[in-house]
Amino acid sequence: SEREVAGEALRAAQGAIETARAARAAREADLATARIEREWRVNEQRTRERELAGLVARLHSLEELQSAREGYTDAAKAILADASLGIRHHGAVVDAMEADSTAERLAEACLGDILEYVLVSSHDEAHRGLDVLRQKQLGRCGFVVIGDQAATSGGATPDGCQSLWSLLRVGGPHGAAIRAAIGDAWVAETFEQAARAAASTRAPIVTRDGDVFRGGRLVTGGSRTASRGILATKREIKELHEKRATGQAALEVLAEAAAGFLATVTACEADILGFSTQLHQAEKQAIGHEVGVQRAADEISRIQRKIELVLNEKRRAEEERRAQDHRQEEARESIAHHEELQREFDAKLAEVQQQLVAARDEAAQVGTRVAEAKAAHATLVERALAFSNEVRRLEDSGRELEQRLVDRTRERE
C-alpha cells in the first residue's frame, strides 16, 4: 500500500540520516584532532623559528666578532684583517684547531697568545710582518713559519700526563707544521701530578683546572671570566651552525607536518560539508516521506471514520429495516386477523341477510352499515388497531340486530 511504501522509504531515509551523521561526527572528530595537531605544529614551528632567529642572530654576532678578530691583540688583528699591509699569511693558529669545552680551556691556558700567532710561509714573510708592525707601531705579534722544516721529535711522556694534542684537533694543510712549531704540551689530572712532571720536562704542563707549569719553577693560573676565549668563540660558532642546520631541518619537518595536517583539515572540512549536504538532502527526503506517511495515515483515518460512519448508518438502517419488517409483519398479521374476522362477519352477515329477507329496510340499514363497515375496513388497513374496535362494535350491532329480528319475528308470529 501507499502507507507501507512511504514507511519503507522513510526508514531508508532515516538510516541514511544516521549513517551521514555518524560519518560527519567521525570526520568532525578527525577535523578537531587535525586542527589541534596542526595548531601544535604551528606553535612549535613559531617557537622554533623564534629560537632559530635568536640562534642565527647569535651566530651572526659571533661570526662578526670572529671576522673582526675580536679578542686578538691589535697587532695580530691588523695583520689578519688588513690586507692593505701586504703580509701574505694563512690565518691564525687557532683557525686550524678545534676542541670541546674542556680541551679549549686547557689549550687557551697552556698555549695562551700562541693561538693568535699568524701563519706565514717563510721567515722573510715573518720579518716583513715585524717590520710593518714596528713602522706602524701596532704592538707585538707572533708568527709561525710553516715552510719546509724537519719535524721535531716529541720527548718522553711525563708520568701521569697525556699529550694536549690528543685532546685538540689540529687539521688543515698546516696542522703538522703547527704542532711541530709549538712542540710538546702535556695535560695532568691534578696540580700535584703536574708539579712532579714539570721537574722532568721543559714543555708546558696544564692541569684540568687550567694551571700551567713551565719547568719546575714557573706556574700560572686563575680564570678568565671577563672575556670569551678565541677557541670558545670558534667552538660556539661551529655548534651554532650545527644547531641552525638541525633547527632548519626540524622547521622543515614541522612545516611539512603542518601542511599535511592543513591538507587533512581541508579534506575533513570538505568531507563534513559533503556529509552535511547529504544529511540535509536525507532530512529533506525524510520530511517528505514523513509528510507522505502522515498523509496516508490521515487518509486511512478518514477512510476508517467514513467506514465507521457507513457501518453505523448500515446498522441503523438494518435496525430500522428490522423494526419496519416487524411492524409490517404485525400489520400483516393484524390485517390477516381482521380479514379473517371480516370473512366471519361476512358469513354471518350473509346468514343474517338470508334470515332478514323480509326486513329490507332494516337490511338496507344493515347494508348501509356494512358498507360503512367495509369503508371502515379499508380505513383499518391503515389503522389496524382501530379496526378491531370497529369490528367489536359491529358484532354488538349484529347481535342487537339479530335480537331485534328475532323479536320482530316473534311479534309477527
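Guide: Of the 413 residues in the chain, 31% are buried. The model is a predicted one. The chain contains nine helices and nine strands, and its accessible surface amounts to about 26100 Å², 50% of which belongs to carbon and sulfur atoms. Among contacts in the chain with a separation of 6 or more, 71% join residues 24 or more positions apart.

The sheet itself is open and is formed by five strands, in the order β4-β6-β7-β8-β9, with mixed pairing. At its edges stand β4 (161-163) and β9 (218-220), each of which pairs on one side only. From one strand to the next, the twist averages 25 degrees. Within the sheet, β7 (residues 205-207) and β8 (residues 212-214) are joined by two bridges in the antiparallel sense. Val206, for instance, has Val212 of β8 as its bridge partner.

Two helices may be considered next. Helix α3 (residues 101-111) packs on the sheet and touches β6 (186-188), β7 and β8; the direction of α3 makes about 140 degrees with that of β7. Helix α6 (residues 191-198) lies across β4, β6, β7, β8 and β9, and runs at about 170 degrees to β7.

The nonpolar cores come next. The largest nonpolar core has 43 residues, and those touching the most other members are Ile79, Met97, Leu111, Leu164, Leu168 and Ile178. At least two residues of this core come from each of α2 (74-81), α3, β2 (118-120), α4 (123-136), β3 (143-145), α5 (175-182) and α7 (230-355). Leu168, leaving out residues up to four places away in sequence, touches Met97, Glu98, Ala99, Ala103, Ala107 and Leu111. Another core, of nine residues, lies apart from the largest one and includes Trp186, Ala203, Ile205 and Phe213.

One residue beyond helix α3 also deserves attention. Glu116 is found in the loop between α3 and β2. Glu116 counts as buried because its relative accessible area is 9%, and the cut-off for a buried residue is under 20%. Apart from neighbours within four places in sequence, Glu116 is in contact with Gly71, Tyr72, Thr73, Ala76, Ala92 and Ile230.

Conventions
Residues numbered from 1 in each chain as written. Predicted model: local features only at pLDDT ≥ 70, side-chain atom pairs only at ≥ 80, totals over all residues. Heavy atoms only, no water. Pairing = 2+ DSSP bridges. Helix = DSSP H or I, 4+ residues; strand = E, 2+ residues; numbered from the N terminus. Axes fitted to C-alpha atoms, helices over the stretch in contact; angles between N-to-C directions. Contact = heavy atoms within 4.5 Å. Core = buried A, V, L, I, M, F, W, Y, C linked by side-chain atoms within 4.5 Å. Buried < 20%, exposed > 50% of the residue type's maximum accessible area, 1.4 Å probe, protein only. Areas by Shrake-Rupley, 256 points an atom, 1.4 Å probe, with all protein chains shown as cover.
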